[in-house]
Amino acid sequence: MSEWAVKRFWTNAEVAEVEGGFSVTLDGRPVRTPFKSALVLPTRDMAEAMAAEWAAQGDQVDPLSMPVTRSANSAIDKVATQHGAVADMLAAYAETDLLCHRAESPEELVRRQADGWDPILIWAAETFGAPLVVTQGVLPADQPEASLQAYGAAVASFAPFSLTALHDLVTLSGSLVLALAVARGRIAPEQGWLLSRIDELWQIEQWGDDDEARDFAAQKQEAFLHAARFLELSGEA
């Protein structure tokens with residue numbers, strides 16, 4: 001993003017229909033990615049959201065205030081060019097999915113994990129034909145090969161823009177299953193984030209919180225919710 005972190009040089013940011021989708025123009029000139037690729041977006045809604053980010057800039061462009069633009073750049077410059085590798089990396093999360101690793105104690109935490117995570121695992125098993133083995137502790141369980149292949153196929157079906165969003169949903173939550181549940185509309189993004197935080201919230205209840213940890217969690221939550229919004233804007237979910 002540093003390649004285009006410059007002073008504002010335009011007056012109007014507008015949406016333009018181009019071959020293959022939509023783009024954003026600044027005083028009639030098309031925006032390009034940091035790698036100088038053509039910025040072709042899959043939906044008008046995404047282009048309008050990006051145009052709004054550019055229009056809202058002050059005298060100095062602040063890349064951190066432009067999450068849609070950053071995600072779109074990643075989709076074009078990084079994910080689209082290595083789609084298979086990204087999909088394989090995300091699919092591998094099924095081997096050690098957060099939802100499959102449970103506490104042995106205390107009883108209240110065990111119950112919270114079961115109440116929150118079991119329904120999502122059941123949904124995923126039915127939706128993808130891919131049950132996963134639940135275990136206690138951090139050591140991985142041997143997951144059914146057929147299930148791993150099914151999750152791999154599900155992830156590979158995501159187009160570059162939606163895969164970019166899925167990447168953040170998975171890596172921020174630690175769970176491919178939760179990410180797919182959000183992507184498929186099984187649960188709301190806010191619920192998905194809370195379900196990924198069951199262990200952390202339990203620890204906070206027992207030992208308290210601090211400002212640094214709270215700020216870091218808030219940043220991750222904002223990024224998770226943005227990823228869900230970017231997925232919706234992509235029209236590819």
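Which residue forms a salt bridge with R214, and how far apart are the closest N and O atoms? In this predicted model, the partner of R214 is D209, and their closest N and O atoms lie 3.6 Å apart. R214 counts as partly exposed, with a relative accessibility of 40%, and D209 is likewise partly exposed, at 35%.

In another of them, the side chains of R111 and E108 meet at 2.5 Å, N to O. These two residues are 3 residues apart in helix 4 (residues 107-128), which means that about one helical turn separates them. R111 is partly exposed at 40% relative accessibility, and E108 is partly exposed at 28%.

A further salt bridge joins E205 to R112, with 2.9 Å between the closest N and O atoms. Here the pair links distant parts of the chain, since E205 sits in helix 9 (residues 198-207) and R112 in helix 4, 93 residues apart. The relative accessible area is 47% for E205, which is partly exposed, and R112 is partly exposed at 25%. Taken together, E108, R111, R112, D115 and E205 are linked in a network of salt bridges.

Turning to the strands, the reader finds an open sheet of 3 strands in the order 1-2-3, paired antiparallel. Strand 1 (13-18) and strand 3 (29-30) each have a single partner strand and stand at the edges, so one side of each has no neighbour in the sheet. Strand 1 is joined to strand 2 (residues 21-26) by 6 bridges, and A13 stands opposite L26 in strand 2. Helix 1 (residues 44-55) packs on the sheet, where this helix touches strand 1 and strand 2, and its direction makes about 155° with that of strand 1.

Note on methods
Residues are numbered from 1 along each chain as its sequence is written. This is a predicted model: local features need pLDDT of at least 70, side-chain atom pairs count only at pLDDT 80 or more; totals for chains, interfaces and linings use all residues. Side-chain values use heavy atoms; hydrogens and water are left out. Two strands pair if DSSP finds at least two bridges between them. Helices (H or I, at least four residues) and strands (E, at least two) are DSSP runs, numbered from the N terminus. Contact means heavy atoms within 4.5 Å. Axes are lines fitted to C-alpha atoms, for helices over the stretch in contact, and angles run from 0 to 180 degrees between N-to-C directions. A salt bridge is a side-chain nitrogen of Lys or Arg within 4 Å of a carboxyl oxygen of Asp or Glu. Buried means under 20% relative accessible area, exposed over 50%, partly exposed in between (1.4 Å probe, protein chains only).
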